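These are my notebook entries on a structure I looked up. The sequence and the model come first, and my notes follow.

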Amino acid sequence: MRTTLLASFGVGLAGLLGVSRAQAQTIGWPTTTMVATENEGTIRLPISLQNAGAAASTVEVALVPGLSTATVGSDFTFTTQTVTFPGGATTGQELTIALTDDQLSEGAEYFTLQLRTPTNGTVAAGKGEVLVYIKDNDDAAPARTGRLGLRHLGSYQNGEAGKNSAEIIAFDPGSKRLFVANSIGGKLDILDMTKPAQLEPVASLDIKPFGNINSVAVRDGVVACAVENAAPQQNGSVVLFDQQGTLLKQLTVGALPDMITFSPDGKLLLTANEGEPKSDYSLDPEGSVSIIDLTGGVAGLSQESVTTVGFSSYNGQAAQLRQAGIRLYGGTAAAPSSVAQDLEPEYVAVSADSRVAYITLQENNAIATLDLTTKQFTALHPAGYQDHSQAGFALDASDKTADVLLASWPIKGMRQPDALAAFEVAGQRYLITANEGDAREYSALTEAVRLKDLPLDAAAFPQAALLKDEQALGRLNVTNRLGDTDGDGDFDEIYAFGGRSFSVYNASTGALVHDSGNLLERLTSTDPAFGSIFNASNTTGAPARKNRSDDKGPEPEGVAVATLRDTVYAFVSLERMGGVAVFNLNDPAAPELVQYVNNRSLTAGTGDQGPEGIIVVAAENSPTGKPLLLLANEVSSSVGGV
């Protein structure tokens with residue numbers, strides 16, 4: 001009864017006072033983002049008016065300083081101004097802003113405008129701010145020296161894609177055979193490479209009785225396969241064959257051996273044992289590196305020849321390691337992983353003197369140093385973070401914008417290197433890493449979330465709503481395990497996966513010498529041919545431009561280093577876009593772009609897709625007498641040669 005009386009009273013009072021029941025006038029931007037190219041001279045920004053009334057309305061338009069990389073006065077002209085909607089108006093107004101066509105190469109910039117202090121109306125919810133991109137028309141394609149010629153010899157498919165794969169490859173000069181780790185097919189494929197342009201199948205060995213093959217290496221006719229256990233959290237094995245595929249030996253190594261390599265002197269064989277947990281973390285093996293002593297030859301091998309080195313000596317140092325920038329976050333709240341369990345070796349590179357191994361710990365964003373004489377870890381160095389707010393580190397962060405918008409944002413990128421290689425220049429040893437990025441995705445720990453779903457600290461990100469727009473950063477995958485600096489449940493810093501780059505480090509100190517920043521995205525977005533499929537994924541079917549911009553971009557995954565004549569070259573494979581970028585490393589602090597090659601189809605799911613393993617065959621070992629670059633392409637299940 002009381003509710004009914006109050007409702008009746010309310011209606012009667014409104015009638016007595018003559019209050020109109022018409023909706024109030026609302027003012028707003030019809031879209032949250034707009035794009036213009038600087039040489040267009042102006043950009044016209046519509047402001048909409050809804051539920052227009054008889055009286056005039058006004059709203060003030062002001063620049064928001066907290067979310068802007070463009071500079072008022074030099075990039076565009078604007079002063080705070082009032083926009084008037086005349087009484088009885090049935091249409092909105094248009095704000096014209098002058099753009100400066102400068103001669104600077106500066107990528108995409110943006111500024112934010114806000115509607116405030118309206119009269120005779122309100123600013124519509126969610127319509128009060130607009131982010132305006134200014135596309136640069138002076139950003140030329142990165143220069144290529146072209147001092148190394150690359151010619152595609154051909155590609156060989158080792159089986160139907162989807163049912164087979166070509167992930168890692170190894171070449172044996174003595175037999176002129178190529179060995180391919182076919183993990184999806186569960187096989188070791190052996191190919192005759194006497195004619196590199198016409199690879200011929202020799203045999204396929206069924207590896208499934210041993211487990212699942214992850215990697216392969218060959219030295220002096222001995223073919224070594226890294227094989228994970230059928231129960232992946234149990235210890236894996238190294239299975240040795242001769243060139244014909246005859247089984248020689250099987251040895252036990254750590255859990256989930258993901259990569260295998262011989263030392264340059266051939267006396268050691270090493271595996272990176274990733275030690276990933278079960279999805280529910282009910283079992284979480286320790287990450288490790290296994291070292292196999294080959295000095296007695298294959299015939300003399302026994303289980304005593306294997307030393308598996310873990311990280312248990314670091315178990316009491318979790319706080320210090322996190323402070324240094326190493327990510328430790330595995331396990332559950334009730335049972336967090338120990339340091340030894342959390343560290344997950346991904347890839348191994350060995351120094352030219354065979355005395356030191358360097359191991360990427362991808363999810364942990366770190367690099368470990370292993371003394372091969374003492375068989376002890378001697379250092380853990382953080383790989384570091386990209387600051388995407390700085391010049392040279394812009395990124396294309398949305399798969400929802402039609403334009404390529406390499407812009408600076410208030411976020412960081414975890415480099416999270418996958419492959420690495422060691423090289424020396426002028427007596428100094430360096431490491432080069434391919435900064436792919438990776439997230440832990442388990443039933444008990446899922447760290448990748450869209451930025452639009454990440455709770456942001458209001459003080460750190462006052463324009464959070466605009467950042468979360470899908471045409472800004474809303475679609476970007478970020479981690480929910482780093483960035484809550486004060487532990488209050490919201491995020492004060494934002495971290496994306498991968499560096500979209502390669503890095504060069506001082507091998508002794510771990511100090512960063514060079515990072516390529518946004519060069520790979522600039523290179524691929526401006527390529528005369530492959531710019532049309534910029535940041536396309538490596539899935540079969542027609543490539544979809546920009547559908548990896550919201551994740552890790554081109555995903556540099558593989559890297560190989562070779563000295564050709566008097567030049568040290570790096571070859572960096574791009575897992576998503578495909579192809580290889582080549583760099584001159586004679587000055588490790590300032591690598592030079594030499595070339596980019598790709599033979600992927602621009603319109604269909606053909607050609608080489610998803611390059612992973614990459615090797616260089618020296619001229620003295622090559623069937624052609626010239627250096628060869630070979631790529632294993634996981635998605636297309638093909639081997640390509642140049």
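**Entry 1: Thr369.** I looked up Thr369 and found that this residue lies in strand β26; strands (E, at least two residues) and helices (H or I, at least four residues) are DSSP runs, numbered from the N terminus. Thr369 is buried, with a relative accessible area of 10%; buried means under 20%, exposed over 50% and partly exposed in between, for a 1.4 Å probe and protein chains only. Leaving out residues up to four places away in sequence, I list the contacts of Thr369 as Val356, Ala357, Tyr358, Gln376, Phe377, Thr378, Ala379 and His381, where contact means heavy atoms within 4.5 Å.

**Entry 2: provenance.** I note that the model is predicted, that local features need pLDDT of at least 70 and side-chain atom pairs count only at pLDDT 80 or more, while totals for chains, interfaces and linings use all residues. Residues are numbered from 1 along each chain as its sequence is written, and side-chain values use heavy atoms, with hydrogens and water left out.

**Entry 3: the core.** I turned to the largest nonpolar core, which has 27 residues; those with the most contacts inside it are Leu270, Phe311, Ile359, Leu370, Phe377 and Leu380. At least two residues of this core come from each of β21 (268-273), β22 (288-293), α2 (318-324), α3 (339-342), β24 (345-350), β25 (356-361), β26 (366-371) and β27 (376-382). A nonpolar core is a set of buried Ala, Val, Leu, Ile, Met, Phe, Trp, Tyr and Cys residues joined through side-chain atoms within 4.5 Å. For Phe377, I find contacts with Val289, Val309, Gly310, Phe311, Tyr314, Ile359, Ala368, Thr369 and Leu370, again not counting residues up to four places away in sequence.

**Entry 4: cavities.** How many cavities of 30 Å³ or more does the structure hold? I find two. On a 1 Å grid over the protein atoms alone, a cavity is a set of points where a 1.4 Å probe fits but cannot get out, a pocket is an open set with protein on both sides within 12 Å along at least five of seven lines, and lining residues have an atom within 4 Å of a point. Grid points are joined across faces, edges and corners, and a volume is the space filled by probe spheres set on the points.

The largest cavity has a volume of about 50 Å³, and its lining includes Tyr133, Asp396, Trp409 and Gln471. The second largest cavity holds about 40 Å³ and is lined by Ile367, Thr369, His381, Leu431, Tyr505, Asn506, Ala507 and Gly510. Strands β26 and β35 (501-506) each give two or more residues to the lining of the second largest cavity.

Entry 5: Leu431, one of the lining residues of the second largest cavity, stands in β31 opposite Ala422. Strands β30 (residues 420-425) and β31 (residues 428-435) run antiparallel and are joined by six bridges; two strands pair if DSSP finds at least two bridges between them. Two residues lie between the strands of this hairpin, and Ala426 takes a positive phi near 55°.

**Entry 6: an open sheet.** I also traced an open sheet of five strands, with mixed pairing and the order β5-β7-β3-β1-β9. Strands β5 (76-77) and β9 (122-123) stand at the edges with a single partner strand each, so one side of each is left without a neighbour in the sheet. Strand β1 (residues 26-28) pairs with β9 in the parallel sense over two bridges, and Thr26 stands opposite Thr122.
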